[in-house]
Structure formats: structure tokens, C-alpha cells
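Here is a short report for a reader who is new to this structure. Please look over the sequence and the model first.

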Amino acid sequence: MAHALITTPFTASSTADEVLRGIDLAGVRAIVTGASSGLGTETARALTAAGADVTLAVRNTTAGDTVAGTIARSTGGIRPRVVRLDLADRTSVTRFTDAWHGPLHLLINNAGVVTGGLERTREGWELQFATNHLGHFALATGLHDALALGAADRDGARIVSVSSTAHMRSGVDFDDLHFERRGYDPQIAYAQSKTANSLFAVEATRRWASDGIVANAVNPGGIATGLQRNFTPAQKESLAAAEAAGVFTYKTLGQGAATSIVAAVAPEFARSGGHYLDDAQEARTVPNDADLAQHPHGVKEWALDPALAERLWTVSADQIRT
């Protein structure tokens, strides 16, 4: 029997500030990846405004410093710290995790990349999977002890894994994760990475809930950000067709960040993980052959499958060790 879906008082039109209204995050230490623009910037700003001690984990520290200054001015002088993190570079991830000291209460795995064609890391990994999933996997596992300290410190720690409706286009192809044999389609590659983001939340919760750590995946919805800057004409046409079909309507940055903030602070998810949230609610699971246009707010079975989540964790751990 399917479990009763977790609901919150918030909706698609709620903003991050509305979710945080009346919540004091003083003493909460948070990391937001990809916080130098778009959704990450808004998520970091909202958390900082609520009193959290926020670290902007960014590849471009110059842009990060600009964002930190803007946030400081908007919050009356509370300035997030800026630390370099390149999720596609294992050395950079290790340097970041090794330098972190003390507890961590919130890890917002927000950063993402979209490519218009096949790009690879130094290891030969497909860039979207390497950045969107493997980099965040290495970051989270490297920060596990800090999260466990945070959980003991404040009765729980949370990870937010930013996924996407795009996950409905593809599961994870374990036989060819990095497109070494199949033809490359950047949309399928992105979809695979977004499914992986959701599966990570499932297995992280299974492994770490006993440490007081839960993880949930979120779909922020349609937001015009820098993520689309590398879209090919075909990708832009696909996006326009999806909007025309009613798959999504564009949200403001504040509305887009709201679901991440719900996963980060809402009491409904304080001890419950392994879920996929859409429009601030737990999404309904739909079959893998479900049509996206008919189920724009659903989550496919392949994104929440416990066996696939465990398999992906094992494969990911092996990859980042090699």
C-alpha cells in the first residue's frame, strides 16, 4: 500500500521568505553549492536572512564575493563566507571537505550544469553526471561526519538534493553511465544526472538516518537561470514545447527556492527522507512509462527505487575512489 504523501501549508506560489517566516536559524551552519547565481543565490540569501551561518560553495569565487556582498547589504550586514568548490574536480571537492571544521546542519546540493554537447572531465567522466551527481556525492560523503555532528548538535541534519522534472526523461544507465558506447544526447545525460540526484537522497537517508541525517530531493520548477545559457537550439525548442504543453509555468527565483527551503526547514521533513518534493509537497510516484505532459508534478519509480539507489551509491563510491 502506498504511504500517505507528506503535505505542507505551502504551494507553488509560495516564496522562500514565506516558508522561513517566523523561523530563527541562528546557530545553523549551512552550505549551498552553486550559490553564485540564480536559485543558489536566492536560497543562500533566504537562509542568511533567517539567521543561518551560510557558506557559498562556488567555482567562481569572484562572482561568489559579489553575491556575498549583495546578501550582506540585504540582510543588514550578515555576510556569507565564500569557498571555492569545483564539483567536476575531485581535488577541489577533497580540499573543500578537508577544510571544513565543526558541525554542519544543512547541505543544499543545488549546483548544476547543462551542456550542449559531450564534455568530459579529466577522468573521462561525462560532465553533467560528474558535476551534478558524482561531485555532490563526493561532497556529501566527505562531509558525513560534520553532518553527524550537526545532527547531534541540533537534533537532526538535512541534505537537499536539487533534482528536476527532467528526471522523467531517463533513468540511470548503469551499463553506460558516461556515454562511452551510446550516442550522446545532452538532454538524456542531464535527465540521468537528475534521476541520480533523487536516488542519492533515497540511499543517503537509508544509510544515515540512524546518524540523524535525512536527505530529500526537490524539483524547484521552471526558473529562468544561467543554467540555460548553454542550451542548443534543440534544447530550447524542447523547453518551449514543454512549457506550451503545460508541463511547467515559470516561477520567480523566490518561488523556485521555496521547495528547497521546505526540504531544509519544514517540520514535516525533520525526520523523514528519501522523498521527492514538487511545489513544496511530496510528489506522487508515477510509472516509468508515464507521460511527462500528463504527470508534470510526479516522480517516476526509477528515481525512488531503493535497489537502484543502493546500486548507484556503490558504483559512485567506486568511481570517486579510482
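This is a predicted model: local features need pLDDT of at least 70, side-chain atom pairs count only at pLDDT 80 or more; totals for chains, interfaces and linings use all residues.

Residues are numbered from 1 along each chain as its sequence is written, and side-chain values use heavy atoms, with hydrogens and water left out.

**Strand E4**

Helices (H or I, at least four residues) and strands (E, at least two) are DSSP runs, numbered from the N terminus. Strand E4 spans residues 106-109 and is covered on both faces. Leu106 and Ile108 are buried on one side, Leu107 and Asn109 on the other. Buried means under 20% relative accessible area, exposed over 50%, and partly exposed in between (1.4 Å probe, protein chains only). In a regular strand the side chains alternate between the two faces of the sheet.

E4 has partners. Two strands pair if DSSP finds at least two bridges between them. Strand E1 (residues 29-33) runs parallel to E4, joined by three bridges. Ile31 has Leu107 as its bridge partner in E4. Strand E5 (residues 157-162) is also parallel to E4, with four bridges. Here Asn109 stands opposite Ser161.

Asn109 has contacts, meaning heavy atoms within 4.5 Å. Beyond its neighbours within four places in sequence, Asn109 touches residues including Thr33, His136, Ser161 and Phe200.

**Helix H9**

H9 has 13 residues, and twelve of them are buried. Among them are Gly254, Thr259 and Val265. Their cover includes helix H1 (16-20), helix H2 (38-49), E4, E5, strand E6 (213-219) and E7.

From first C-alpha to last, H9 reaches 18 Å, close to the 18 Å expected at 1.5 Å a residue. That expected span is 1.5 Å times one less than the number of residues. H9 also has a kink of about 30°, centred on Thr259. The bend at a residue is the angle between axes fitted to the seven residues ending there and the seven starting there.

**Helix H4**

In H4 (residues 90-99), the buried residues are Ser92, Val93, Phe96 and Thr97. They fall within an arc of 125° seen down the axis, so they line one face of the helix. The arc is that of the directions from the helix axis to the C-beta atoms. Arg95, Asp98 and Ala99 are exposed on the face turned away. The buried residues pack against E1, strand E2 (53-58), strand E3 (81-84) and helix H5 (127-142).

His275 sits in the loop between helix H9 (253-265) and strand E7 (276-278). A polar contact of 2.6 Å links its side chain to that of Ser272. Such a contact is a pair of N or O atoms within 3.5 Å; within protein, one must be able to donate a hydrogen and the other to accept it, and residues adjacent in sequence count only if both atoms are side-chain atoms. Asn109 and His275 are 166 residues apart in sequence and 15 Å apart in space, C-alpha to C-alpha.

Asp279 lies in the loop between E7 and strand E8 (281-282). Asp279 has a positive phi of about 50° although it is not a glycine. Ala280 is in the loop between E7 and E8, and has a positive phi of about 70°.

| Residue | Relative accessible area |
|---|---|
| Asn109 | 2% |
| His275 | 10% |
| Asp279 | 18% |
| Ala280 | 1% |
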